[in-house]
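Work through the exercises below with the sequence and the model side by side. Try each task before you read its solution.

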Amino acid sequence: MTVFSAFSQTEMIDYLKQQVSNGTVYTDEATLKKQSFSPRLSSDDSGLALAYIEAQSTADVQGVMRAARKFHVPVIPQDQFTSTVAGADGVAGSFVLSTKQMNQIKEISRADSVAVVEPGVINGDLDKAAREQGMFYAPDPGSKPISGIGGNVATNAGGMSTVKYGATKDNVLGLKVVLADGREIKLGGRTLKQAFGYNLTQLFVGSEGTLGVVTEVTVKLMPIPIGKPTMGVAFFDNMTKLAEAVAEIRISGVYPTMLEALDSATIAALDAYEGTHYSDNSGAMLIFKVDNSIPEVVDKLKALMAAHGAANATVTTDPDRQAELEKLRRDMLPAVFAGQNHIMEDMAMPLSKLAPMMDYIHDLGEKKQLKIYVAGHAGDGNVHPTIVWPKEQTETPQAVVEALQLMFHKTLELGGTISGEHAVGTLKNQWNNEELGEDVDQIQHQIKALFDPMGLLNPGRKIN
């Protein structure tokens with residue numbers, strides 16, 4: 001069938017460039033390929049985006065939306081492009097709108113305990129700047145050194161300190177957002193309490209660029225705790241025993257800052273990657289941290305872990321040794337992924353169901369004859385099982401697909417969620433009805449239609 005387009009691609013690009021006065025519009029094939037396809041997730045056998053735009057200002061963002069409405073072109077909001085669920089990959093014929101150059105820290109206020117930043121500010125850079133003024137930014141995803149605050153907001157990113165300080169949603173006070181119709185709206189503010197109107201701020205946190213494009217974020221900052229933090233490791237016979245210990249620690253009153261779990265396979269991979277010897281100890285490792293070195297707190301931690309069979313528990317207040325332990329946890333992914341095809345998942349469980357889930361994953365790996373590495377933020381019930389298979393197998397094995405489906409169903413059966421902190425993106429949007437139910441699934445689509453009636457913003461992501 002012959003289609004008679006009203007506008008040529010040249011006309012569309014020329015108009016787009018007129019609307020982007022401060023930023024840069026790229027249309028060369030090399031840039032489009034680089035910014036359209038996640039190197040870890042996609043290949044370039046799908047269609048290329050029409051243009052990649054690095055916005056420098058809110059006016060640029062509004063200009064892109066103006067062009068998108070005129071030509072009915074999908075817009076894919078993108079920050080640092082670190083999504084693990086294909087949540088910011090380009091769509092054929094789309095405008096990929098990057099805010100990574102909108103990277104100014106506008107304000108750090110000790111008096112109000114807030115920071116005001118543009119979306120492209122790197123999480124770790126904000127934290128460093130805050131610490132120079134005696135404050136810190138708590139959310140610390142594994143991508144802390146490379147992910148932007150805008151992307152963290154879009155995905156409601158979590159991290160190792162979520163057990164005490166919460167995820168991104170618990171640390172966002174206000175937003176500025178450009179809607180699909182081009183309006184920039186201001187949501188929330190800089191007060192620690194706010195009860196006026198519907199809470200649209202939190203609606204946009206975790207919305208994955210499907211409702212609007214974040215142009216400014218106001219976040220909470222915390223004062224750096226007095227005293228020396230204490231960090232340590234303990235070893236358990238298996239992940240189930242570790243999970244049982246974690247459940248007790250969480251309700252003990254010690255208020256841990258970090259409770260990170262690594263199974264025996266993950267420890268062995270880290271030993272090979274780092275040249276360490278942690279796997280000589282036992283079947284599972286817990287990395288723990290509290291914000292102080294009060295003897296009663298440290299003694300309580302040790303006693304609780306010992307009651308669940310912990311061995312070789314050690315603690316340290318030395319900053320260099322603590323940095324080594326944090327690096328060990330952050331190096332988990334490259335250690336596990338090295339030289340293998342992989343899929344890492346992201347389920348979150350009620351704390352009482354963490355141990356049963358650990359048992360289930362272990363048994364599933366044996367049943368399906370799969371290599372599954374299990375780690376996660378045990379303190380908040382967030383499990384990250386990683387299934388690997390040989391690099392020479394280009395297609396995902398059917399056993400891997402079946403194992404993931406079974407893990408998802410088991411997670412929902414136990415009252416959990418199949419996306420704790422990595423968002424939904426393209427990889428999980430077929431599960432909305434299963435997790436949310438038909439009525440809530442329909443409401444999700446109604447909300448999307450209200451904010452984006454033309455369906456321009458990140459189509460096919462988050463909900464499907």
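**Exercise 1.** Which helix gives the largest share of the negative patch?

*Solution.* Start with the ground rules. This is a predicted model: local features need pLDDT of at least 70, side-chain atom pairs count only at pLDDT 80 or more, and totals for chains, interfaces and linings use all residues. Residues are numbered from 1 along each chain as its sequence is written, and side-chain values use heavy atoms, without hydrogens and water.

Next, list the members: E244, D359, D363 and E366 form the negative surface patch. Like charges are joined within 9 Å. Helix α13 (residues 354–368) supplies the largest share, 3 residues. D363 is found in this helix α13.

**Exercise 2.** Classify the accessibility of D363.

*Solution.* Take the cut-offs: buried is under 20% relative accessible area, exposed is over 50%, and partly exposed is in between (1.4 Å probe, protein chains only). D363 has 47%, so D363 is partly exposed.

**Exercise 3.** Classify the ring pair F136 and Y165.

*Solution.* Rings pair if their centres lie within 6.5 Å; planes under 30 degrees apart are stacked, over 60 edge-to-face, the rest tilted. The whole structure holds 7 aromatic pairs. For F136 and Y165, the centres are 5.3 Å apart and the planes at 80 degrees, so the pair is edge-to-face. F136 sits in strand β7 and Y165 in helix α6, 29 residues apart. F136 is buried at 7%, and Y165 is buried at 15%.

Conventions. Patch = residues over 30% accessible without salt bridge, like charges linked within 9 Å, V, L, I, M, F, W, Y side chains within 5 Å. Areas by Shrake-Rupley, 256 points an atom, 1.4 Å probe, with all protein chains shown as cover. Salt bridge = Lys/Arg side-chain N within 4 Å of Asp/Glu carboxyl O. Lys, Arg positive; Asp, Glu negative; His and termini not counted. Charge placed at Lys NZ, Arg CZ, Asp CG, Glu CD. Helix = DSSP H or I, 4+ residues; strand = E, 2+ residues; numbered from the N terminus. Phe/Tyr/Trp six-rings, centres within 6.5 Å; stacked < 30°, edge-to-face > 60°.
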